[in-house]
Amino acid sequence: MTVPQIIEHLHSVKDPEIPTISVVDMGIVSKVEMQSLDRVVVTITPTFVGCPALEVMKRNIEHAVMGIGIKYVDVIVSYDIPWSSNRITEQGRAALLKHGLAPPVRYDDTVELQLDVLNETPCPFCGSMKTILKSPFGPALCRSLHYCNNCLQAFESFKPV
Amino acid sequence: MNSDAIKDLLLRVADDELIIAHRHSEWTGLGPLLEEDIAFSSIAQDKLGHAQALYSILHEKFSLATPDEMAFMRSEVDLRCCHLVELPNQDYAFSLMRHFLYDAAEYLRYSMLTKSTFEPLAQLARKVHGEIKYHLYHATTWVVQLGGNGTTESHDKMQRALDEVWPFALGMFEHGPYEEQLKTEGIFNGEDELKITWLNYVKDILNRAALIIPADAKHVLGGRHGYHTEYMAPLLLEMTEVYRTDPAAEW
């Protein structure tokens, strides 16, 4: 078993709240190390510090790696590499869209993110830019609420952080 | 590094987060609009997460009790939160104004802490900073909307809230016992510096909201040294009820 093979396998572990996206595409897995043939350490970086899905994800990652024959798996949480929504892969963005969530607006992380960009979120249903932010808080810590003035639908977006 | 100084700083910040999280969560199911109900509940959940992360550092690096024990098993005198976060909710204007003044300070505090020489805290601050930006964005939007762009009634309610909350907000910057050590060792640049940047920020927003900062306000002090308001005991009693009944309960 090699590190790339383990990462490949971790694509089978999905975000418990958004079942179309894997923890790898979400950018949560920040490091995978093989300490020996039967010991693997997976480092994860949480999307939101208070995310209630974190414990479930830790457990699911552990089970997934054990499922491919690794005897000892440690999943550690670290803020060494802080999670940002720019860590979500292209495949991950497509998966969010498939779930009906607008992917987070990509931003230049060398300058401070201005939250006014939330008003420039394209509608996940019709693609229109004629949308407005209804609330920066939604049904999960990572989501905001929007409304599309073109197709007259309310929608949710994954927040840029 | 002076571990007593770091512990005191972490406790102050974590206890503020824990107690304001509890107060904000009291709006769950009662918010004036569905979106606001969700906003206060989400903010509460974030704050609780931040408190837990800070207690985890205290547990892992300094062998203090577990995060749950820190939250639910300490007595009032051991808490280091400021009085601002303890006050019971009143009307929505009160909660919004407290949320605004508190989150402006938190946002700026974590900005300063991203440069802390205590690396675990700096790392967490870099992460938390992006989340609090949303809290501050929410608070600022409403303060300007209700104060400057609203009706006479909404403006008056926000002004009354500001008059009431302001002396308590000033108490956020009460010095702990290790102020000098924190500064010398580069762990935290100190409450005085934070207060200056905070004042600049809130003055600008309150000005846009056509709200007037009360003159000659006193600072309400004591929280950072374990002295709390009469509202603290009932709050703790309620917050810790489940844990005290069954410490092994999972929920």
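Here is a short chat about chain B of this predicted model.

Colleague: What makes you call chain B a helical chain, and how many helices and strands does it have?
Modeller: Chain B has 11 helices and 0 strands. Read along the sequence, the pattern is α-α-α-α-α-α-α-α-α-α-α.

Colleague: How do you know that the radius of gyration of chain B agrees with a compact globule?
Modeller: For 251 residues, the rule of 2.2 Å times the number of residues to the power 0.38 puts a compact globule near 18 Å, and chain B has 18 Å, so the two agree. The C-alpha trace spans about 55 × 45 × 30 Å along its principal axes.

Colleague: What share of chain B counts as buried, and what does it take to get that label?
Modeller: A residue has to be under 20% relative accessible area. In chain B, 57% of the 251 residues count as buried. As for the surface, chain B exposes about 10500 Å², with 54% of it supplied by carbon and sulfur atoms.

Colleague: Why is B:I213 called partly exposed?
Modeller: Buried means under 20% and exposed means over 50%. B:I213 has a relative accessible area of 25%, so it is partly exposed.

Colleague: Where does B:I213 lie, and what does it touch?
Modeller: B:I213 lies in the loop between α9 (191–208) and α10 (232–239). Leaving aside residues up to four places away in sequence, B:I213 touches B:L162, B:W166, B:K203 and B:L206.

Colleague: How far apart are B:I213 and B:L162, in sequence and in space?
Modeller: They are 51 residues apart in sequence, and 7.2 Å apart in space, C-alpha to C-alpha.

Definitions and conventions: Residues numbered from 1 in each chain as written. Chains lettered and ligands numbered in written order. Predicted model: local features only at pLDDT ≥ 70, side-chain atom pairs only at ≥ 80, totals over all residues. Heavy atoms only, no water. Helix = DSSP H or I, 4+ residues; strand = E, 2+ residues; numbered from the N terminus. Buried < 20%, exposed > 50% of the residue type's maximum accessible area, 1.4 Å probe, protein only. Areas by Shrake-Rupley, 256 points an atom, 1.4 Å probe, with all protein chains shown as cover. Contact = heavy atoms within 4.5 Å.
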